[in-house]
Amino acid sequence: MSEMKKEVLNYIGGEWRAPVSGAGLEVLNPATGAVLAVSPEGGAADVKAAVEAAAGAFEEWRAVPPVERVQYLFRFKHLLEEHFEEIALLVTQENGKTLAEARGELRRGIENVEVACGIPTLMQGYNLEDVARGIDELMFRQPLGVVAVITPFNFPAMIPLWFLPYAIACGNTLVMKPSDRVPLALTRIAELLAETGLPAGVLNVVNGGKAAVDALLDHPAVQAISFVGSTPVARYIYARGSANGKRVQCQGGAKNHVLVMPDAEPETTTQIIADSAYGCAGQRCLAVSVAVTVGEARGWFRESITKAASGLKVGDGAAAGVQMGPVISQASRQRIESLITKGVEQGAQAAVDGRGAVVAGLGAGSFVGPTVLDGIPAGSDLAETEIFGPVLSLIHAADIDEALAIISKNSFGNASSIFTSSGAAARKFRNQSPTGNVGVNIGVAAPMAYFPFSGWKGSFLGVMHAQGRDAIEFYTDKKVVIERWPREWSRKF
Ligand code: NAD
């Protein structure tokens with residue numbers, strides 16, 4: 001596999017430009033430690049140029065008929081398919097996940113492009129004749145103007161695509177700020193979108209970190225902010241963006257629970273939960289991180305998940321046969337290992353211990369092995385902390401009510417699942433579990449592109465979620481027109 005070091009540029013007003021601020025961050029391959037690229041630490045001046053380019057393109061873009069706007073997305077979808085393997089490999093190289101996982105995320109991203117191609121129908125308003133005698137009322141959806149999207153490291157291709165297609169299909173112009181740790185996939189995606197002939201300024205990309213985000217939050221021309229990342233940053237962005245009068249949607253961190261009921265089918269249940277906990281090295285906002293075993297499930301599940309976790313092949317995600325890649329960085333590896341240590345100090349037993357994992361030939365890689373922490377005290381601070389690594393904690397509950405109470409106490413509400421063969425237990429869980437995404441015999445309860453990517457409590461701030469109809473609602477405002485056209489005011493016809 002060739003790994004070429006390149007300089008990441010910003011995309012502003014249809015041109016690829018070096019950042020004004022200059023300094024850069026190294027983008028590393030977390031499996032090998034190799035430097036893949038240098039990403040610019042763009043700041044206020046770069047953001048100002050990008051927002052001005054977007055603002056300058058807005059009036060013309062919003063006047064392009066929706067049915068013509070989506071022609072760019074149809075071409076974009078074809079280019080993404082044509083370059084599918086190339087983008088998937090970039091995701092694996094910069095993020096570390098396996099190629100199969102990278103392909104999976106790109107597929108889910110492309111589905112959002114497909115859904116946004118329906119904008120001529122999806123963006124329609126509604127109307128009623130004769131709300132009073134001779135008076136009609138109509139509701140149109142109109143784009144907001146310049147919107148900004150700030151994304152995390154864990155899905156370098158998919159998460160930008162949760163927003164980009166809808167924002168521009170609705171007639172907005174856009175400034176994207178990817179994670180400074182994984183700028184390569186979005187750079188390639190932006191190059192492909194540019195190839196469709198999309199007018200200059202409709203999509204802009206500024207690379208950077210906090211300085212770039214702050215400039216977006218404070219720029220008066222930015223009408224709306226979409227954010228995905230950790231909960232502390234989500235809270236900060238929500239507060240500062242809202243205080244500046246912007247429309248804000250912030251998807252935050254997670255601590256997802258799965259209930260393993262005594263009547264769950266052991267083999268499939270274990271397989272699916274292992275995939276959820278250790279897939280993408282646990283760095284999925286929908287990864288299961290706590291398994292609550294109910295009643296007699298405790299014994300068999302502990303044994304089977306221990307076996308499944310111990311058997312996973314860890315290595316470079318680009319290599320054949322590897323089932324779990326590295327975590328994003330050495331800093332992340334150290335943080336995860338210290339949380340495992342803390343769990344053990346708080347009384348848990350490391351039934352499988354991934355600390356100090358070594359992969360032959362990849363000494364500079366950021367590897368943590370699959371870990372099972374049995375017996376984390378339900379109320380401990382570790383039970384509440386998002387580990388964001390390949391660590392599954394086991395907690396025991398006597399019955400479904402006690403298990404639901406454990407989920408309810410948690411401050412996050414991204415996703416939860418139940419494994420059972422009882423319809424009654426599944427129905428009770430679906431109805432009562434306080435999370436925005438719920439799985440029944442599903443390990444990663446990820447909504448399809450035409451459903452909202454929900455999330456509750458500390459996992460989401462805002463009203464409208466990403467994807468589907470929520471995205472269209474978020475990226476448009478409603479204009480209500482009330483019309484009277486008396487016959488006697490018109491020339492005779
Ligand atoms: P992060 O919060 O560190 O970074 C997210 C974005 O915010 C990046 O673009 C980053 O450059 C920027 N940023 C970071 N610190 C900032 C600061 N102090 N001020 C302003 N901007 C800042 O998140 P991450 O580590 O890249 O991603 C992992 C997190 O994202 C996890 O908590 C995970 O659960 C969450 N996540 C949530 C969802 C969801 O749908 N709820 C999806 C994916 C990831």
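## Serine 179, a buried loop residue

Serine 179 is buried, at a relative accessible area of 6% (buried means under 20%, exposed over 50% and partly exposed in between, with a 1.4 Å probe and protein chains only). Its place is the loop between strand E9 (173-177) and helix H7 (184-195). Helices here are DSSP runs of H or I with at least four residues, strands are E runs of at least two, and both are numbered from the N terminus. If neighbours within four places in sequence are left aside, serine 179 is in contact with Thr151, Pro152 and Phe153 (contact means heavy atoms within 4.5 Å).

A word on the model: this is a predicted model, in which local features need pLDDT of at least 70 and side-chain atom pairs count only at pLDDT 80 or more, while totals for chains, interfaces and linings use all residues. Residues are numbered from 1 along each chain as its sequence is written, and side-chain values use heavy atoms, with hydrogens and water left out.

## The protein as a whole

The protein has 16 helices and 23 strands. Its radius of gyration is 24 Å, close to the 23 Å that the globule rule gives for 493 residues, so the protein is as compact as a globular protein of that length. That radius is taken over C-alpha atoms, and the rule is 2.2 Å times the number of residues to the power 0.38. Along the principal axes, the C-alpha atoms fill a box of roughly 85 × 55 × 40 Å.

Of the 493 residues, 57% count as buried. Among contacts with a separation of 6 or more, 74% are between residues 24 or more positions apart.

## Helices H1 and H8

Helix H1 (residues 44-63) and helix H8 (residues 210-218) pack at about 45 degrees, their axes 8 Å apart. Axes are lines fitted to C-alpha atoms, for helices over the stretch in contact, and angles run from 0 to 180 degrees between N-to-C directions. H1 and H8 are therefore oblique to each other; under 35 degrees counts as roughly parallel, over 145 as roughly antiparallel, 65 to 115 as roughly perpendicular and the rest as oblique. Ala44, Val47 and Val51 of H1 meet Ala212, Ala215 and Leu216 of H8 in this contact. These residues divide into six nonpolar, no polar and no charged (nonpolar covers Ala, Val, Leu, Ile, Met, Phe, Trp, Tyr, Cys and Pro; charged covers Asp, Glu, Lys and Arg; the others, Gly among them, are polar).

The buried residues of H8 are Ala212, Val213, Asp214, Ala215, Leu216 and Leu217. They pack against H1, strand E8 (146-150), E9, strand E11 (222-228) and helix H9 (231-243). Over in H1, alanine 45 is partly exposed, with a relative accessible area of 41%. Its C-alpha atom is separated by 8.6 Å from that of proline 19, 26 residues apart along the chain.

## Helices H2 and H4

The axes of helix H2 (residues 66-82) and helix H4 (residues 99-116) come within 9 Å and cross at roughly 160 degrees. That makes H2 roughly antiparallel to H4. On the H2 side, the contact is made by Val70, Leu73, Phe76, Lys77, Leu80 and Glu81, and on the H4 side by Arg107, Ile110, Val113, Glu114 and Ala116. Seven of these residues are nonpolar, none polar and four charged.

## Threonine 293 in a strand

Threonine 293 lies in strand E14 (residues 288-294) and is buried, with a relative accessible area of 3%. Neighbours within four places in sequence aside, threonine 293 is in contact with Val260, Arg298, Phe301, Ile395, His396 and Ala397.
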